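Hi,

Here is the structure I promised to send over. Have a look at it first, and then read my notes below.

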Amino acid sequence: MNPISLITPAIGRSSLKQFVDSPLVEKIYVLHDGSFDSPHPKCVSVPTDGFPSGQGINNVLNKVKTDFSVVLTQAEELDLGRTSLSRLLQVAKQTGSGIVYSDFHEMKSGLRYEHPTIDYQLGSVRDGFDFGGMTMYSSRAIKKAINRYGRIEKVRWAGWYDLRLKVSIDHHVMHLPEFLYTKGETDLRRSGEKQFDYVDSRNQAAQKEMEAVFTKHLKNIGAYLRPVFKKVPKPGESYPVEASVIIPVRNREKTVGDAVESALSQKADVSFNVIVVDNHSTDRTTKILSELCEKNPSLKQLIPSRKDLGIGGCWNEAVLSEHCGRYAIQLDSDDIYNSPATLQKIVDEFRGGDYAMVIGSYKLVNKELQEIPPGVIDHKEWTPGNGRNNALRINGLGAPRAFQTALLRQVLLPNVSYGEDYAIALHLSREYRIGRIYEPLYLCRRWEGNTDAALAIEKSNKNDLYKDKVRTMEILARQAMNRGKKK
């Protein structure tokens, strides 16, 4: 018997022929929700209610008799390299890995580009992790995972996600940094447009499935947190004001004035100030802020002594300064609050619950403040009971973000310029409640200078790798916390 089975949706015949002709492939299982005309005796038709469904995956796994299966998760054209399948097979056998995937080439507008993927780790638990178009699974690893953690759940969209998580618990997931095949690009959107798919209301049913599957995974690995929270300690120090709006900035001469004016225009029943941390701007930003400070005593301009600070480090400068109030509230230098009532609503949320942190909702707009898709980002997937668990699966928690300064001074933010807010939110949610406001408080302006509007694959990979590392550290911390509770 040949060592490999192919599991695939109904792909094009030219792509299929490569697998038909391969002496390594024993059977080709084509999952479909309609009709499939098998072009070759190797092909086996497997009707299902959807390619990623649990029913379809369980059905096809019962049919597979080979030691390994190559899975194509999208009905897209693939051009295999001469040794693609043999190389995957070699690595899978030699390393005993449960899953093997590789880098690939991608065709865009008739041109071929390299598309590297990133290493898998404990925290690579988001359902959108990029494995590329082709992965190899060990049948032995699948059988062991299913025997230990149960069959694939009865889900419509989360079947492959469930299988991957179960296999990854006890088996290595191997990234092979070699470009083994070429595929067409199926999602032509920019990175800034793709990143909000998980909060799109059209994907709500699928996301609920992903959450349920992921929650079970956390229980399987001892990282699930029950909805039991510590009380937020009372502040043991005095503050110059009740609230501070914090704006880190570097070289934003076109937008920082609007951001500061938006913060200064807030109307609230508490005292507040605005702290701008000017991270050694080289354009007119410093001059603009100096002029605004002359007119507004409640505006504090800080220029750090250090020159190695990211956004997180700038936040720490503000939080640790003598100017910071009891609550530290975020505003990016690109953006503005959507009304003078934003600050009051955030303070009221803190007053109404025992929260270490409050997170609002925002609306994506263009430079002219006109709404752009997907519009309001409200993160309604958050629930009081399971939000801090599901937060490990998704890529962000929303904005604006506000903190109890006393707690933030104990923890501080990582000195990075991407993911610092996500890291601190996961950390605080491990022990404390987070309050949510689901109406938009904030206008997030998308323009060509935004840090995540349109990223090259190398930059996207760097960002994803960092957030996966943050998740890895957080999962380890939660596992340790759970073990401590059991002693």
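Leu369 is partly exposed, with a relative accessible area of 38%. Keep in mind that this is a predicted model. Leu369 sits in the loop between S15 and S16, and its phi is near 65°, a positive value in a residue other than glycine. For context, most residues other than glycine have a negative phi, and most peptide bonds are trans.

Val365 belongs to strand S15, residues 355-365, and is buried, with a relative accessible area of 1%. Leaving aside neighbours within four places in sequence, Val365 is in contact with Gln370, Glu371 and Ile372, and also with Leu443, Cys444, Arg445 and Arg446. Take the pair Val365 and Arg446: they are 81 residues apart in sequence, yet their C-alpha atoms are 6.1 Å apart in space.

In strand S16 (residues 371-377) you'll find Pro374. A cis peptide bond joins Pro373 and Pro374, with omega at about 5°.

Pro400 is in the loop between helix H12 (387-390) and strand S17 (401-404).

Ser109 also has a positive phi, near 55°. You can find Ser109 in the loop between strand S6 (99-108) and strand S7 (111-115). Is Ser109 buried or exposed? Ser109 is exposed, with a relative accessible area of 82%.

**Two helix pairs**

Two packed helices are described by the angle between their axes and the distance between the axes. The axes of H4 (residues 139-149) and H5 (residues 159-170) come within 9 Å and cross at roughly 95°, so H4 and H5 are roughly perpendicular to each other. On the H4 side, the contact involves Ala141, Ile142, Ala145, Arg148 and Tyr149, which meet Leu163, Lys166, Val167, Ile169 and Asp170 in H5. By class, that contact of H4 with H5 has seven nonpolar, no polar and three charged residues.

With H14 (residues 420-429) and H15 (residues 457-486), the axes come within 10 Å and cross at roughly 10°. H14 and H15 are therefore roughly parallel to each other. Tyr422, Ala423, Leu426, His427 and Ser429 in H14 meet Lys467, Val470, Arg471, Glu474 and Arg478 in H15. The residues of this contact of H14 with H15 divide into four nonpolar, two polar and four charged.

**Cysteines**

How many disulfides does the structure hold? The structure holds zero. For Cys293, the closest cysteine sulfur is in Cys314, and at 15 Å that is too far for a bond. For Cys314, the closest cysteine sulfur is in Cys324, 14 Å away and again too far for a bond. Cys293 is partly exposed, at 21% relative accessible area, whereas Cys314 counts as buried at 2%.

**The chain as a whole**

The secondary structure comes to 15 helices and 18 strands. The C-alpha atoms fill a box of roughly 80 × 55 × 40 Å along the principal axes. A compact globule of 487 residues would have a radius of gyration near 23 Å, and the chain's 25 Å agrees with that. Buried residues make up 56% of the 487. Among contacts between residues at least 6 apart in sequence, 78% join residues at least 24 apart.

Cheers

Terms used:
Residues are numbered from 1 along each chain as its sequence is written. This is a predicted model: local features need pLDDT of at least 70, side-chain atom pairs count only at pLDDT 80 or more; totals for chains, interfaces and linings use all residues. Side-chain values use heavy atoms; hydrogens and water are left out. Axes are lines fitted to C-alpha atoms, for helices over the stretch in contact, and angles run from 0 to 180 degrees between N-to-C directions. Helices (H or I, at least four residues) and strands (E, at least two) are DSSP runs, numbered from the N terminus. Angles under 35 degrees count as roughly parallel, over 145 as roughly antiparallel, 65 to 115 as roughly perpendicular and the rest as oblique. Contact means heavy atoms within 4.5 Å. Ala, Val, Leu, Ile, Met, Phe, Trp, Tyr, Cys and Pro count as nonpolar, Asp, Glu, Lys and Arg as charged, and the others, Gly among them, as polar. A disulfide is a pair of cysteine sulfur atoms within 2.5 Å. Buried means under 20% relative accessible area, exposed over 50%, partly exposed in between (1.4 Å probe, protein chains only). The radius of gyration is taken over C-alpha atoms; the globule rule is 2.2 Å times the number of residues to the power 0.38.
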